[in-house]
Amino acid sequence: MKILLKSEELIQFLGAIYLFSRLQFAWWWFPALILLPDISMIGYLINPAVGAVLYNVFHHKGLGIVIGLLGLMTGNQNLMLVGIILFAHSSMDRMMGYGLKYPDSFKHTSLGML
């Protein structure tokens, strides 16, 4: 099952790369921005519960989809870029085994313990 889930995330990550390729941004923007959502881990400096909330908001694929669709509906490529990066980053994280976080510990995730 684990291989099936990781392959699903890989396909979603590759789909995000394809969507990025349809935007009018230079290719270097993708690797430059792909780790930016991890800034949300700053909440762990306060405590694990705050860290989990911030992390989960920025790593929820639904947020990336909503922002990307909002950009598509308004023709705003910057919003589309933000949505694609959020979605791609979340897929990449899950492909590597990092799930959404529980409030007790950074290592307690929706995909199990790290």
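Is Ile 46 buried or exposed? I looked this up and found that Ile 46 counts as exposed, at 62% relative accessibility (buried is under 20% relative accessible area, exposed over 50%, partly exposed in between, with a 1.4 Å probe and protein chains only).

I note that this is a predicted model, in which local features need pLDDT of at least 70 and side-chain atom pairs count only at pLDDT 80 or more, while totals for chains, interfaces and linings use all residues. Residues are numbered from 1 along each chain as its sequence is written, and side-chain values use heavy atoms, leaving out hydrogens and water.

I then looked up the core. The largest nonpolar core has 14 residues (buried Ala, Val, Leu, Ile, Met, Phe, Trp, Tyr and Cys joined through side-chain atoms within 4.5 Å). Helices H1 (2–21), H2 and H5 (77–95) each supply at least two of its residues (helices are DSSP runs of H or I, at least four residues, and strands of E, at least two, numbered from the N terminus). H5 gives the most to this core, with 7 residues.

Next I searched for aromatic pairs and recorded 6 (ring centres of Phe, Tyr and Trp, the latter by its six-membered ring, within 6.5 Å; planes under 30 degrees apart are stacked, over 60 edge-to-face, the rest tilted). Trp 28 and Trp 29 are stacked, because their ring centres are 4.3 Å apart and their planes at 25°. Tyr 44 and Phe 106 pair edge-to-face, at 5.2 Å centre to centre and 85° between the planes. This pair links the loop between H2 and H3 to strand E2 (residues 105–109), 62 residues apart.
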